[in-house]
Amino acid sequence: MAEDCLFCKIVAGEIPADVVAESDVAIAFRDVSPQAPVHVLVIPRDHYANVAEVAAAGDVDVAGLFRLAAEVAATEGIADEGYRLVANTGANAHQTVFHCHVHVIGGRPMGWPPG
Ligand code: AMP
């Protein structure tokens, strides 16, 4: 657990979150400021600043993030119509919380490329 990390505190249960799914390596909870009818964040239980740090740590957490994201898409009912996975990484991508997270966004059509 990293000191002063908001998402570590959610993993530890010190800050409440609307948890929708869990696994050994990851948890999924609703984004507090949803940008679509379905907007869930999937995060590793262990602290990594971004997706590159997760990748450097080995295969288990990377696979666990995507496995839980796919599970969330299915249980939220957006797997068939389509959804978007986003891992903002660094300043240009507008990462604001520096505990790796994958946004699962769906329930409406989305444009491409992103703005
Ligand atoms: P990013 O800009 O990719 O770093 O996304 C961070 C996301 O975390 C934003 O979509 C926020 O709305 C979301 N967020 C911040 N605080 C919380 C919280 N306490 N519970 C749930 N989502 C949060």
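Biologist: Which polar backbone atom lies 3.1 Å from a nitrogen atom of the ligand?
Modeller: That backbone atom belongs to valine 32, and please keep in mind throughout that this is a predicted model.

Biologist: What about the oxygen atoms of the ligand, where do they find polar backbone atoms?
Modeller: An oxygen atom of the ligand is 2.8 Å from a polar backbone atom of histidine 94, and at threonine 96 a polar backbone atom is 2.6 Å from an oxygen atom of the ligand.

Biologist: How much of the ligand's accessible area does the protein cover?
Modeller: On its own the ligand has 510 Å² of accessible area, and the protein covers 82% of that.

Biologist: Where does the ligand sit, and which elements give two or more residues to the shell around it?
Modeller: The ligand sits in the largest pocket, and the elements giving two or more residues to the shell are helix H1 (6-11) and strand S2 (26-30).

Biologist: Which residues come nearest to the ligand, and what's the shell made of?
Modeller: There are 15 residues around the ligand, and those that come nearest are Asp31, Asn88, His94, Thr96 and His103. By type, the shell divides into six nonpolar, seven polar and two charged residues.

Biologist: Changing topic to histidine 99: is it buried or exposed?
Modeller: Histidine 99 counts as buried because its relative accessible area is 0%, where the cut-off for buried is under 20%.

Biologist: Where in the chain is histidine 99, and which backbone oxygen lies 3.5 Å from a polar atom of its side chain?
Modeller: Histidine 99 is in the loop between strand S4 (83-86) and strand S5 (102-106), and the backbone oxygen in question is that of aspartate 46.

Conventions: Residues are numbered from 1 along each chain as its sequence is written. This is a predicted model: local features need pLDDT of at least 70, side-chain atom pairs count only at pLDDT 80 or more; totals for chains, interfaces and linings use all residues. Side-chain values use heavy atoms; hydrogens and water are left out. A residue is near a molecule or strand if one of its heavy atoms lies within 4 Å of it. A polar contact is a pair of N or O atoms within 3.5 Å; within protein, one must be able to donate a hydrogen and the other to accept it, and residues adjacent in sequence count only if both atoms are side-chain atoms. Accessible areas come from the Shrake-Rupley method with a 1.4 Å probe; for residues, only the protein chains shown count as cover. On a 1 Å grid over the protein atoms alone, a cavity is a set of points where a 1.4 Å probe fits but cannot get out, and a pocket is an open set with protein on both sides within 12 Å along at least five of seven lines; lining residues have an atom within 4 Å of a point. A molecule sits in a cavity or pocket if more than half of its atoms lie within 2 Å of its grid points. Helices (H or I, at least four residues) and strands (E, at least two) are DSSP runs, numbered from the N terminus. Ala, Val, Leu, Ile, Met, Phe, Trp, Tyr, Cys and Pro count as nonpolar, Asp, Glu, Lys and Arg as charged, and the others, Gly among them, as polar. Buried means under 20% relative accessible area, exposed over 50%, partly exposed in between (1.4 Å probe, protein chains only).
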